[in-house]
Amino acid sequence: MTTVSPTSTVTARPPLPLGVRIARLWGGVLTALTVLLALAWVFPMYWAVVTSVKPENDTVAMPPTIWPQTFDFSSYTYIFQNSPLVRWYLNSVLTSVAITVLVLLLSMLCAYALSQIDFRGRTWLFWLILIGFMIPFQASLIPLFIFINQLGLVNNYLGLILPQLAAPIAVVIYKQFFDQIPTELGDAARMDGASEARVLFSIFLPLNWSITVSLAIVTFIAAWNNFLWPFIVMNDTAKLTIPVGITQVQSAYGVAYAKTMATAVSAAFPTVIAYLIFQRRVTEGVMAAAGLK
Amino acid sequence: MLKTVPGKTDTQSVSKQVQARQKWMTAGLMVLPFLVIYLLFLIYPTLRVIQLSFTNADLNGSGHFTGLTNYIKLLHEPTFWNALLNTLYFILLTVIPNTLVGLGLALLILRLRRLKNFVLAAFFLPYVLPVSVVTSVWNWVLDSNFGLFNFLTGSTVTWFQDPVWAMPAVAFVTIWWTVGFNILLFIAGLQSISPDIYEAAALDGASGARLFWSITWPNLWPVTSLILLLQLIAQFKIFDQIYLLTTGGPFDKTLVLLLYSYREGFQQQHGGYASTIGVVLMLIILVVSAIQSRLLNRGNAA
């Protein structure tokens with residue numbers, strides 16, 4: 001399958017009816033196969049949604065039903081009434097928004113200075129930040145936890161947020177973008193008496209608006225989905241974020257699959273919707289983060 | 001405060017000095033917020049994990065210097081070697097398969113016209129799900145009694161509790177979850193290959209497999225090696241899926257390095273020993289990145 005080059009279908013062929021027909025047939029087969037694979041890929045998600053709206057008894061019925069015989073939303077009302085799901089939602093929304101805003105703001109400021117202000121030590125500083133790329137924060141989980149604990153920030157939203165702001169990637173991406181902007185643009189505004197902050201926010205930011213939006217969405221999704229750090233730093237049930245929280249209630253449900261899937265669907269809802277609405281932005285952000293743009 | 005407009009001074013050198021100082025102040029104010037957080041929450045813990053690895057600290061960080069005791073213990077600990085081998089096994093099961101599947105799907109998707117965006121979205125969608133959602137969905141699909149997969153195939157394997165199948169099952173779930181990312185990068189890579197090269201080759205009579213091996217593959221190598229590196233680093237740090245699907249079981253068959261460190265640190269309160277595992281993990285990742293970037297550069301030169 002991998003032997004088909006992307007342009008093979010475009011290649012013009014002399015009018016050989018049989019050859020063309022075979023090529024078309026082959027193309028049709030490949031297309032059908034691709035679509036089938038795509039459907040198979042999303043099927044587990046479909047299956048989760050369908051299970052969540054079945055009555056609990058029907059989920060274990062043999063043979064399984066592909067479409068619910070009766071729609072039953074009681075799993076959703078049950079989980080929202082019997083677990084702190086709403087609270088976890090709020091925790092996730094507030095911390096993810098805070099992380100997104102702060103990551104963008106801090107890295108934008110830092111990258112602007114690194115890119116546009118000629119100060120002593122800036123090359124050195126940039127290298128220091130590049131080192132951060134190589135460092136896996138997971139390896140130093142223990143000292144990070146000890147430190148947060150000493151600061152009294154375990155079970156505290158600040159303890160959840162602060163370490164997630166130490167990501168050098170946004171700085172590097174912003175710096176790359178700012179580097180492409182000619183310095184004359186800023187100089188002109190400075191001659192007119194604009195401060196650096198003004199130059200950044202009224203000239204550079206609008207020029208980078210599209211990457212800012214992409215980065216914001218990708219940062220938000222990553223913060224929302226983060227598991228390891230919130231799992232370690234938050235122990236108080238009420239203060240959990242939703243991806244960590246649902247694992248707690250699910251193990252309590254045992255074999256209640258409709259309820260388990262209802263919690264999964266609820267937790268996935270915001271990021272899936274964000275992706276479906278901002279598809280292009282998400283892909284742009286992912287590419288930028290991977291260093292391909 | 002933030003102005004860098006040159007002030008009027010008598011001599012040029014003084015003016016320059018003032019200007020330089022003002023620039024430095026402004027830059028400092030802009031860099032400082034990020035820098036402080038970066039140093040406190042990334043660099044400091046990284047230095048501290050090295051220091052802790054030479055102590056018998058608990059989870060509060062209090063302990064004594066014990067020299068190389070932790071490292072010697074680690075090397076003699078079968079559980080450590082088990083965790084290291086399991087991590088490598090997981091990497092074997094994910095990195096290359098995920099790359100090949102990603103490339104294959106990218107090639108299939110690129111030749112589509114109208115359905116392209118829809119199909120790409122279908123493959124990418126799992127990537128935006130939280131890990132706990134991914135694991136609960138697959139726990140349900142692969143459930144041994146009522147799961148759809150075993151019903152359709154007639155299998156009776158208890159996927160995540162089976163000593164042989166637990167790791168491949170976690171690897172499979174990981175590929176399902178993350179392949180969209182690879183597809184995206186491969187599509188970007190494939191699109192950046194100039195169509196002129198294909199046309200020239202087609203004029204020379206090359207087609208199909210020939211085009212792929214002599215044009216697509218070599219031109220795609222920089223992206224391929226980037227994808228391999230990103231995955232390699234990510235999979236060394238594997239924790240979430242394993243913790244949620246198998247918690248390292250059955251019989252430590254899926255115990256990986258980070259989970260081992262987590263157990264030692266957070267469950268056994270062996271902060272020092274857990275830090276030693278962390279240091280080893282960090283060293284492995286640094287070495288891998290260094291080797292891989294060498295290879296990547298060579299691929300670029302070729």
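View 1. Six residue pairs, both members at pLDDT 80 or more, are in polar contact across the interface of domain 1 of chain A and domain 2 of chain A. Here a polar contact is a pair of N or O atoms within 3.5 Å; within protein, one must be able to donate a hydrogen and the other to accept it, and residues adjacent in sequence count only if both atoms are side-chain atoms. On the domain 1 side, α1 (17-52) and α2 (56-59) of chain A each put in at least two of the residues that touch domain 2. α1(A) gives the most to that side, with four residues. Helices are DSSP runs of H or I with at least four residues, strands are runs of E with at least two, and both are numbered from the N terminus. Sorted by class, that side of domain 1 has five nonpolar, three polar and two charged residues. For this sorting, Ala, Val, Leu, Ile, Met, Phe, Trp, Tyr, Cys and Pro are nonpolar, Asp, Glu, Lys and Arg are charged, and the others, Gly among them, are polar.

A word on the model: it is predicted, with local features needing pLDDT of at least 70 and side-chain atom pairs counting only at pLDDT 80 or more, while totals for chains, interfaces and linings use all residues. Residues are numbered from 1 along each chain as its sequence is written, chains are lettered from A and ligands numbered from 1 in the order in which they are written, and side-chain values use heavy atoms, leaving out hydrogens and water.

**View 2. The salt bridge between Lys259(A) and Glu56(A).** These two side chains meet at 3.4 Å, N to O. The rule finds one salt bridge across the interface of domain 1 and domain 2 of chain A, taking a salt bridge as a side-chain nitrogen of Lys or Arg within 4 Å of a carboxyl oxygen of Asp or Glu.

**View 3. How domain 1 of chain A sits against domain 2.** Domain 1 covers 21-73 and domain 2 covers 76-289 of chain A, with bounds from an automatic or database domain assignment. The contact (heavy atoms within 4.5 Å) takes 10 residues from each of these domains. Together they bury about 750 Å², 65% of it on carbon and sulfur atoms; buried area is the accessible area (1.4 Å probe) that two parts lose on being put together, summed over both. Ser52(A), Glu56(A) and Phe73(A) supply 60% of what domain 1 buries here, more than any other three residues.

**View 4. The interface of chain A and chain B.** Here 104 residues of chain A are in contact with 99 residues of chain B. About 9000 Å² is buried between the chains, and carbon and sulfur atoms give 80% of that area. α1(A) brings 16 residues, the largest share of chain A's side. That side divides into 75 nonpolar, 25 polar and four charged residues.

**View 5. A loop of chain B with a cis peptide bond.** The bond from Gly249(B) to Pro250(B) is cis, with omega near -10°. Pro250(B) lies in the loop between α10 (240-245) and α11 (257-267) of chain B. Thr247(B) is also found in the loop between α10 and α11, and its phi is near 45°, a positive value in a residue other than glycine.
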